[in-house]
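Trainee: I have a model open and would like to work through it by asking questions. Can we begin?

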Amino acid sequence: MPEHAVKLTRVSKHFGSVTAVDDVSLSIPDGRFFSLLGPSGCGKTTTLRLIAGFELPTAGEVYIGGKLQGEIPPYRRPVNTVFQNYALFPHMTVYDNVAFGLQMRKVPKEEARQRVLEALEMVRLPGMENRKPDQLSGGQQQRVALARALVNRPKVLLLDEPLGALDLKLRKAMQLELKALQHRVGITFVYVTHDQEEALTMSDRIAVMNRGAVLQLGTPEEIYERPANRFVADFIGETNFMEGQVKGIRAGEAVVVVDGVLTIHVSAERAVGMNEEATVAIRPEKISLHVEIPDPRAVPGVVEEVIYTGTDTRHLVRLTENVVVTVRQQNVGVGAPVCFPVGTRVYVHWQSESARLLMA
Amino acid sequence: MQRQRRFRRETWRLLGLISPTLFWLIVFFLVPLLLVLAISLGQRGTYGGVRWDLTLENYARFFDPLYLRIFGRTVFIALATTVICLLTGYPLAYFIATRPSGWRNGLLLLLMIPFWTNFLIRTYAWLLILRDQGVINIFWTGAMHEFMAHAAMTVPLPIWGPLLEATSVPLPLFGTDGAIIVGLVYAWLPDMVLPCYASIERLDYSLVEAAQDLYANRFRSFLRVILPMTMPGIVAGSVLVFIPSLGAYVTPDLLGGAKSIMIGNVIYSQFMSARDYPFGSAISFVLMAVMLLGTLIYFRLGTE
């Protein structure tokens with residue numbers, strides 16, 4: 001068993017003058033749930049289609065199970081796809097849809113029958129064999145598409161925003177179900193989505209893409225807690241950005257002066273130079289609010305707005321003329337949440353480790 | 001009560017909307033059709049009129065081997081035309097439908113351009129191509145014959161003898177079933193291409209990708225997905241070609257000569273030469289019945 005289910009080495013894809021995928025190298029570990037995450041048009045779907053063989057790379061190589069794919073057509077690749085709109089064959093029954101791949105590979109009838117029924121059982125759709133796709137709900141069609149792909153026991157299952165058309169409740173339920181299913185069958189899933197929450201919930205590893213390039217590759221925790229650059233920090237979750245200049249470096253910590261008056265301490269994992277332009281990123285939930293100064297490093301500010309969103313309360317606090325930070329507090333207590341009225345003078349505080357120093 | 005009144009008012013309004021169409025269909029379709037039916041049950045008068053002695057004799061006469069043979073040939077020609085139109089029109093429709101969207105309308109326009117010329121003139125053009133002194137045969141008995149004669153003198157081989165002989169007479173193109181089929185295919189090809197194009201263009205290409213993803217090569221994905229999904233276009237196109245071919249008159253009249261005639265020519269001659277209106281009407285009715293029955297069966301099969 002090769003270590004990597006899928007490997008892309010320096011893959012690019014151009015459509016005319018448009019570069020859809022730009023020099024991407026990726027290793028997708030075997031048996032894991034891997035997500036390609038990015039805004040629409042970032043090249044994630046094209047990357048998936050390059051693996052499936054619907055597109056051939058302009059440059060670079062695609063390996064599946066350690067085998068160079070070259071110009072191998074889609075019907076000879078050991079992968080199956082769950083399409084965004086499901087692409088179920090409308091003129092066939094659910095049974096024939098699921099059996100299609102087995103028929104094409106000339107699996108004996110009896111064995112095929114058993115596997116189809118097993119697959120339908122697995123996606124919790126038994127007894128639906130004789131329905132036509134248009135007699136099913138969106139969620140059921142989604143399951144048929146999944147069964148149709150999984151019944152072939154592919155090396156890699158490719159999923160192109162498969163939950164995009166479902167409503168929120170069903171999508172949440174399907175996320176967990178898909179994750180559990182992947183765990184059970186042990187097949188490598190390559191999952192394309194633009195929904196960062198979905199990617200964080202389901203994935204073992206995530207590649208964040210933008211403009212055809214992979215910007216960061218890591219576990220959900222790494223991506224969220226230690227975003228590599230401003231795009232990733234901004235795209236995944238919510239972030240406060242403060243731009244300033246590095247004015248001091250010592251013991252793995254940098255001091256950044258924002259707006260000329262605000263001094264921020266931030267842990268520096270990479271080498272920075274004095275007076276370098278830098279961006280400090282800090283998640284709203286990592287900041288706490290205080291009436292009394294809790295720590296010499298805390299920064300004073302004035303509450304400008306209070307937003308109650310049910311699960312938590314957001315305070316927008318103005319620190320300087322140009323800097324307003326969002327502070328998020330979970331509403332953990334009983335009754336009315338603790339909040340500071342607009343105009344209150346407060347101190348905001350965070351651990352220097354929870355702030356990130358990004359390139360400007 | 002009130003609902004009933006409103007319902008009645010709705011009905012009258014709808015009737016008002018369709019009344020022009022209804023009027024047209026009754027006066028110019030239903031009434032003439034009933035007239036034809038009535039005449040088909042009458043008898044030919046001594047001087048060509050209709051004698052109103054009701055009889056089924058005209059229908060019985062149709063089953064004379066002479067007419068049955070012509071009818072059989074008509075069905076064969078119409079079927080051959082439909083099959084050839086399908087085999088040539090479907091790939092053409094597929095080609096056009098898979099071009100970039102900017103090209104498609106232009107290509108469809110190119111397909112339509114010949115049909116801006118009058119139908120009679122286009123059929124006449126085929127006569128000029130196919131007849132004994134036509135374009136093909138001028139080449140065959142002229143340049144081709146001379147080439148054979150020249151070759152026979154330069155390189156003496158036994159094959160030149162029969163070839164020389166063959167090129168000394170025109171190819172029998174004109175006045176055959178083949179000539180009629182060529183004319184009909186030419187005439188009705190767009191009627192096959194357009195419905196096929198419409199259904200191929202509407203086809204969701206991700207279904208083809210899904211088939212290929214599930215190990216179906218190009219041929220199998222065509223057979224299992226593209227073909228069944230575009231069947232409505234094939235059915236519609238085939239009916240649109242088969243029906244006018246079955247009732248064709250001008251094409252066999254011009255290209256079939258005296259030897260090859262279709263049922264449409266028989267009907268024409270009954271009305272215009274034999275002045276046997278009742279018999280002509282009876283044949284028309286049989287033809288209509290066959291078309292209706294055939295179309296119904298075909299639609300039933302095609303949509304299953």
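Trainee: How many of the residues of strand 8 of chain A are buried?

Mentor: Keep in mind that this is a predicted model. Strand 8 of chain A covers residues 188–193 and is mostly covered. The number buried is 6 of its 6 residues.

Trainee: Which residues point one way from strand 8 of chain A, and which the other way?

Mentor: Residues on both sides of strand 8 are buried. One way point Thr188(A), Val190(A) and Val192(A). The other way point Phe189(A), Tyr191(A) and Thr193(A).

Trainee: Does strand 3 of chain A run parallel or antiparallel to strand 8 of chain A, and what stands opposite Tyr191(A)?

Mentor: Strand 3 spans residues 33–37 of chain A, and 5 bridges join it to strand 8. The two strands run parallel. The residue opposite Tyr191(A) is Ser35(A).

Trainee: What stands opposite Val192(A) in strand 8 of chain A?

Mentor: Look at strand 7 of chain A, residues 156–160. Strand 7 pairs with strand 8 of chain A in the parallel sense, over 5 bridges. Opposite Val192(A) stands Asp160(A).

Trainee: Which residue takes a positive phi in the hairpin of strand 12 and strand 13 of chain A?

Mentor: Strand 12 (residues 253–258) and strand 13 (residues 262–267) of chain A run antiparallel, joined by 6 bridges. Ala254(A) in this pair stands opposite Val266(A). There are 3 residues between the strands of the hairpin. The one with a positive phi, near 60°, is Asp259(A).

Trainee: Where is Arg124(A), and is it buried or exposed?

Mentor: Most residues other than glycine have a negative phi. Arg124(A) has a positive phi, near 60°. Its place is the loop between helix 3 (109–122) and helix 4 (138–150) of chain A. Because Arg124(A) has 12 other C-beta atoms within 10 Å, it counts as exposed.

Trainee: Why does Asn275(A) count as exposed?

Mentor: Asn275(A) lies in the loop between strand 13 and strand 14 (277–282) of chain A. Its phi is also positive, near 65°. Asn275(A) is exposed because its count of other C-beta atoms within 10 Å is 10.

Trainee: Which element gives the most to the side of chain A that touches chain B?

Mentor: The contact takes 16 residues from chain A and 14 residues from chain B. Strand 6 (79–82) and helix 2 (94–104) of chain A each give two or more residues to the chain A side. By class, that side has 10 nonpolar, 5 polar and 1 charged residues. The element that gives the most, with 3 residues, is helix 2 of chain A.

Trainee: How far apart in space are Phe63(B) and Leu203(B)?

Mentor: Phe63(B) sits in the loop between helix 2 (57–62) and helix 3 (65–97) of chain B. Phe63(B) is exposed, since 10 other C-beta atoms lie within 10 Å. In sequence, Phe63(B) and Leu203(B) are 140 residues apart. In space, C-alpha to C-alpha, the distance is 46 Å.

Terms used: Residues numbered from 1 in each chain as written. Chains lettered and ligands numbered in written order. Predicted model: local features only at pLDDT ≥ 70, side-chain atom pairs only at ≥ 80, totals over all residues. Helix = DSSP H or I, 4+ residues; strand = E, 2+ residues; numbered from the N terminus. Buried ≥ 20, exposed ≤ 12 C-beta atoms within 10 Å, placed from the backbone. Contact = placed C-beta atoms within 7 Å. Nonpolar A, V, L, I, M, F, W, Y, C, P; charged D, E, K, R; others polar. Pairing = 2+ DSSP bridges.
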